[in-house]
Amino acid sequence: MRVLCVAEKPSISKSISQILSGGQFNTTATRSPYIKNYEFNYPQTNSFFIVTCVSGHLTGSDFSDAYRKWNSCDPFELFDASVQTFIPSDKKAIEDNLLTQARRADMLMIWTDCDREGEHIGMEIVNVCRKAKRDIVIKRARFSAIIAQQIHRAAQHPIELDRAQADSVEARIMLDLKVGSAFTRMQTLILQNNFGRLSEGKNVISYGPCQFPTLGFVVQKYNLVKSFVSEPFWYIYLSLTRHEEQTVFTWKRGHIFDQHVAISLYDFVLSTLPHTPGRITKVTKKETKKWKPLPLTTVELQKAGSRLLRLAPKKVLDIAESLYQQGFLSYPRTETDQFDPQFDFMSLIQKQAIDPTWGAFANLLSEGGDFSAPRRGKNNDKAHPPIHPTAHAGNLAGDDKRVYEFITRRFLASCSKDAKGWQTTVDVECGGEYFSATGLVVMEKNYLEVYPYEKWEGHSLPNFEENEEFQPSVCELREGKTTKPNLLTEADLVTLMDKNGIGTDATIAQHIETIINRDYVIEKFEGSTKYLIPSKLGIGLVEGYNQINLGISLSKPQLRRETERDMIGVCEGRMTKADMLEKTIDQYKEMFIITKREFEKVVSSVRRYLEGGANIEQGEQVNRGGRGGGGGDNDNDNDDGGGGDGGGSRSIRGRGAVRGRGNSAPRSRGRGEKGRQDFNSGAARICRCNEPAIRLSANTSANQGRLFWRCVNAQKEGDCNYFVWDDELEQSSARTSSSTMTSQGTNECFKVGHYHILNVTCCIAKGRYFCSAIKRDTGLRVVLMTGVITNDNEVSDLQRIQGHRM
């Protein structure tokens with residue numbers, strides 16, 4: 001039997017031939033300088049093989065002549081225009097070779113990559129070969145790596161070509177052509193007519209169903225960073241120094257944004273310390289683990305390549321594809337993060353034993369009993385295993401070496417054991433508030449020995465005993481502020497696209513590269529980290545489309561996500577290609593009509609950025625974020641949160657536990673606010689020095705027109721420093737009127753009222769309540785009353801202080 005085998009790329013056809021023939025094959029040239037035919041006997045199936053290839057997609061798609069030129073029709077007509085499929089002129093020599101070989105063959109065996117795109121290329125090959133021989137038998141070789149075992153098995157046990165997957169790709173090609181062309185022509189022609197600079201060089205202002213949602217993510221994050229306003233917060237910092245070793249206890253409330261509430265809680269803690277020291281309530285010691293990484297998927301490879309190797313996702317995939325074609329890696333486009341239970345790990349691990357860097361670790365896995373089956377993730381595309389090395393590569397250099405090393409170390413780490421440690425957690429109660437500290441001793445590094453991309457550092461705690469009492473070395477109320485988020489990195493963008501179904505694992509990198517090449521997005525480096533910010537044109541387009549009255553903005557991911565799900569439906573046979581196209585094109589038709597009618601909004605938005613005053617601060621300092629002090633640590637890596645500084649923290653009080661209560665209420669000025677007096681002042685306010693306060697209007701840019709109260713003596717020597725915003729008083733009183741006490745499990749604080757500017761605050765915590773106020777004569781905050789909540793209806797104690805005056 002004469003079998004014509006057709007691979008997707010020249011390198012694959014040569015590798016297949018070398019494996020199947022044992023290196024004994026004849027080579028003949030074709031009209032294409034890149035394509036060779038390899039001929040040999042394959043006795044395992046009693047066949048004669050002719051192995052050749054194509055060069056990616058064999059066909060192209062375009063509109064007929066009546067619609068091909070930009071001004072030949074209204075762009076809306078492209079939705080219903082006929083599409084022609086043809087062999088491009090540069091692929092004619094490949095077509096001729098397939099026709100010649102198919103006439104003499106009994107069977108056509110497709111050896112393209114085993115994914116959706118590969119099935120579609122396989123169908124293109126089938127259509128050409130059937131022109132030469134209609135009754136040729138069609139089979140498909142399924143493999144995931146260019147290694148002898150898999151290639152021989154694929155040749156001896158071929159399967160059927162998956163036409164449903166090919167149909168889904170055909171639908172996507174048709175859809176992207178029609179939708180992309182219609183919107184691209186419409187917006188390019190209108191915008192170039194309005195902006196001469198966009199006509200220079202005949203640049204196309206392209207639209208793509210995946211491209212614009214990808215751009216939308218970049219714009220959304222940029223606007224979030226640009227509009228960020230920092231907020232102050234407060235937290236209790238508690239530490240104990242023993243034998244010159246400081247232990248910081250993290251406040252379990254994290255931090256609080258209401259200063260009055262924070263001060264009340266802090267004062268209550270201080271009021272108890274002289275006679276009731278802190279107490280160790282619980283000491284927990286247990287074994288803990290740091291989980292080894294999951295098997296590697298395409299999306300995770302792109303994210304890790306960007307974050308750890310500082311390579312663009314597209315470059316990482318291109319390198320992995322090249323290594324796959326050379327036989328060093330398995331197929332690099334996979335969504336699977338679980339290995340088959342029958343997978344042969346040992347033979348692959350043993351191939352790495354000769355490496356001078358990680359060979360010793362591989363030996364421990366294969367011979368030393370340190371092997372542990374990889375974790376099983378939740379994804380399985382039923383086509384390919386996770387990415388893994390298939391052979392040792394000792395002669396690589398540059399980025400090829402770095403990518404191969406990461407994939408190999410990841411594979412070996414996934415076959416190792418989790419790192420093990422001994423964790424100690426100390427819980428503390430101090431003044432009715434609860435704190436904790438966590439220590440870690442790393443016992444066994446295991447997978448971390450070969451996987452330097454993750455860290456797990458130990459930090460021990462002194463010995464503490466339950467019910468042990470102590471006086472804190474430091475008990476302070478510290479102030480921090482929220483810090484702006486970082487701009488988007490490529491790894492962040494890959495994550496967002498994967499989560500929202502924009503593109504596939506194999507096309508995500510291409511969409512990112514497209515928006516950069518189109519100058520919709522600018523790459524900005526801060527140190528070695530690359531951030532993505534929108535260009536003026538990019539942000540103008542997205543904000544303009546967001547203003548159009550569409551049910552779903554074209555810059556949002558919802559519509560494309562629905563389309564991707566429908567394509568999966570075609571793959572699984574739940575929807576036909578025709579039904580999917582009809583449904584989706586009808587959706588885009590409706591959106592096109594509305595967009596064209598309201599496109600002046602896009603024009604105005606683009607004009608605002610290109611010609612108006614709107615500006616992209618492309619030179620702004622990239623913010624690295626900050627630590628939210630006192631909030632503990634929620635990254636599940638067994639680190640100790642430590643109550644860090646939170647981005648510019650300062651201490652309101654010094655060592656309170658040692659020095660006593662002092663002046664706990666911070667005395668705030670108007671921060672340099674200059675204002676004019678407002679005589680229409682409403683209710684009078686009395687400051688701490690028993691003088692009527694005056695209401696002024698701020699005239700600084702940040703608080704223009706905002707009203708505040710200040711002591712009449714504020715400009716004199718020895719003033720009382722009284723200052724308060726008027727709207728904060730009103731909001732506080734409004735909250736009070738709607739507040740009710742609920743249950744003993746409630747943890748909340750709220751203002752009860754303001755009486756002659758006495759800030760009376762009640763706090764409910766752990767089934768108890770306590771109330772405090774600022775004394776008018778001294779400015780000190782004092783505890784008014786405390787009690788136990790016995791039922792949900794008990795509010796009489798709080799009612800007794802309504803209207804209370806000191």
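**Group meeting: a walk through the predicted chain**

Let me begin at Ser-605, which is found in helix α19, residues 600–610, where helices are DSSP runs of H or I with at least four residues, strands are DSSP runs of E with at least two, and both are numbered from the N terminus. This is a predicted model, in which local features need pLDDT of at least 70 and side-chain atom pairs count only at pLDDT 80 or more, while totals for chains, interfaces and linings use all residues. Residues are numbered from 1 along each chain as its sequence is written, and side-chain values use heavy atoms, with hydrogens and water left out.

Is Ser-605 buried or exposed? Ser-605 has a relative accessible area of 2% and is therefore buried, given that buried means under 20% relative accessible area, exposed over 50%, and partly exposed in between, with a 1.4 Å probe and protein chains only. If we leave aside neighbours within four places in sequence, Ser-605 is in contact with Ile-539, Gly-540, Glu-543, Gly-544 and Gln-547, contact meaning heavy atoms within 4.5 Å.

Let me now step back to the chain as a whole. There are 22 helices and 27 strands, and buried residues account for 53% of the 806 residues. Of the contacts between residues at least 6 apart in sequence, 71% join residues at least 24 apart. The chain exposes about 36600 Å², of which carbon and sulfur atoms supply 46%; these accessible areas come from the Shrake-Rupley method with a 1.4 Å probe, and for residues only the protein chains shown count as cover.

I turn next to the charged pairs. Side chains of opposite charge can pair when their charged atoms come close. A salt bridge here is a side-chain nitrogen of Lys or Arg within 4 Å of a carboxyl oxygen of Asp or Glu, and a search of the whole structure finds 34 of them.

Which parts of the chain does the pair Asp-74 and Lys-596 tie together? The side chains of these two residues meet in a salt bridge, at 3.1 Å from N to O. Asp-74 lies in the loop between α2 (65–68) and β6 (83–86) and Lys-596 lies in helix α18, so the pair ties together parts that are 522 residues apart in sequence. Both ends count as partly exposed, Asp-74 at 31% relative accessibility and Lys-596 at 38%.

Arg-333 sits in the loop between α10 (313–325) and α11 (345–351), and Glu-321 in helix α10, 12 residues apart. Both Arg-333 and Glu-321 are buried.

On the surface, I would point out two patches. The residues that make up patches have over 30% relative accessible area and no salt bridge, with like charges joined within 9 Å and nonpolar side chains (Val, Leu, Ile, Met, Phe, Trp, Tyr) within 5 Å. One patch, of negative charge, gathers Asp-579, Glu-582, Asp-586 and Glu-590; for charges, Lys and Arg count as positive and Asp and Glu as negative, with His and the chain ends not counted, and the place of a charge is taken as NZ of Lys, CZ of Arg, CG of Asp or CD of Glu. Asp-586 belongs to helix α18, residues 577–597, and is partly exposed at a relative accessible area of 40%. The other patch is nonpolar and consists of Trp-422, Val-441 and Met-443, with about 300 Å² of accessible area together. Met-443 lies in strand β13, residues 433–444, and counts as exposed at 55% relative accessibility.

Finally, two buried positions. Ala-393, in the loop between α12 (359–366) and α13 (398–414), counts as buried at 9% relative accessibility, and, not counting residues up to four places away in sequence, Ala-393 touches Phe-328 and Tyr-404. Val-248, in strand β10, residues 245–251, counts as buried at 14%, and the C-alpha atoms of Val-248 and Phe-435, 187 residues apart along the chain, are separated by 9.3 Å.
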